[in-house]
Amino acid sequence: MPKTITIHRQESVRAAAESCVHFGFCTAVCPTYVLDGEELDSPRGRIALAREMLDSNDAPSPAAVRHLDRCLSCLSCETTCAAGVSYHAIIDGAREHIEKAKVRPLTQRLLRTALARILTTPTLLRPAAAVGRLLRGAMGRLGGPLGALASLSAAPALAALAPRTESAPQPPANPTRRVALLDGCAQSVLGAEINASATRLLTRAGIEVVNVPGVQCCGALELHMGRREAATRHMEQAVRSWSAALEAGHIDSIISTTSGCGSVIKRYEELLSDRPALSAQVRRVVEATQDITQIAAGLPLTATGAALRLAVAYHDSCSLKHGLKIERPPRRALGKLGIEVRDIAESHLCCGSAGTYNILEPAISDRLGQRKAAHASASQPDVIAAGNMGCLVQISRYTPVPVAHTVQLLDWATGGPPPRGLENFQPPPPLAADAPTPAATPVPTTAGSGDLLW
């Protein structure tokens, strides 16, 4: 019998799988099922595979591995499920079981190990990214995961999100709050301008951004790859560092600009439930964590006029919409600064980024990315915005429309620099006082689409 997950966790996953009553609402919102209509590539089909796999004493079958790997962990199904099935527990547990069984070919296991190690370690990711840029042409000809990496390395968003040369702003003299900003393991290297924008915005609002040493990774990426033990090591380290800073009064909040990280941090009590000695620290961290748009929506921000009358196609990242259940704060924060927010069709469907998915499952990822970019570009916006770096990188590959993180637009509107690609933006002239107000453009209403503006 292959090495498996703990008995307690296996029973928990099995119980979650058995709670599925096969209503089938999930199939209409599952990205992979919507693409091809394959039952085993639906949540219902994957739950059946996971249940069969955990009940068996045999190694996971190639079919089970293939279809479970194709899941994006977007959790659109969980949002839609009328029975309240904890799909995230099922897919995470199934992947942990597969990873421990070591049934994938050696080359795949080595690739997955390398990706997990490099993407969660900034000191390794920086030189790896540089080498990838140099070898982009050769890697692209290889196809598969290496070809996908080459394509990703050429994504316009990576150039747009690269750090600027300007120094960080001075902390406010009399800060109203002190917060820790989660840099993110991959984002600190590949999307540093997002963190810089957040720092400028918070400082402008009188909030001091405090560095908390000892936090490198939230554990999200390795968790979704089935590497739970490695993921929880990252989680424990982050909890101890943040909790100590909170308890000492050095910070009062933890701010995330990457919704993929924030959604997993909010699950720390569940994921670290087998560490009772840490329970108080874990709860303190979870309660103190906010997405940047949650705090921005409540700040007394003043528009400078630079980004007024900007038309933004807003993409709900899955981790923000389905993981954190946050839809209104980003729209509210942008709207109160005079920015026009346009919802896009099929907002419930994933863009295909999903951590390492666009590397490991490039064929499906490409189709989803093209579909999402087409919907986002349809309203002819000035920019496409999202609250997760991976989404921006993915969407930028399939559209000429500039992309920007929500916090970059908030920073620009309140006095910061324009996001790259928008340096020459000229707002349309204001309507004459006696001109008729144009009719609002209807917003597509699809299954799972979020609330409209405030």
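Modeller: Strand 5 (residues 311-314) pairs with strand 7 (residues 383-386) in the parallel sense, over 3 bridges. Two strands pair here if DSSP finds at least two bridges between them. Strands are DSSP E runs of at least two residues, helices H or I runs of at least four, each numbered from the N terminus. This is a predicted model: local features need pLDDT of at least 70, side-chain atom pairs count only at pLDDT 80 or more, and totals for chains, interfaces and linings use all residues. Residues are numbered from 1 along each chain as its sequence is written, and side-chain values use heavy atoms, with hydrogens and water left out.

Ile384 in strand 7 stands opposite Ala313. Strand 7 also joins strand 8 (residues 403-405) through 3 bridges, and these two run parallel. There, Ala386 has His405 in strand 8 as its bridge partner.

Next, the faces. Strand 7 is covered on both. Val383 and Ala385 are buried on one side, Ile384 and Ala386 on the other. Buried means under 20% relative accessible area, with a 1.4 Å probe and protein chains only.

Key: Buried < 20%, exposed > 50% of the residue type's maximum accessible area, 1.4 Å probe, protein only.
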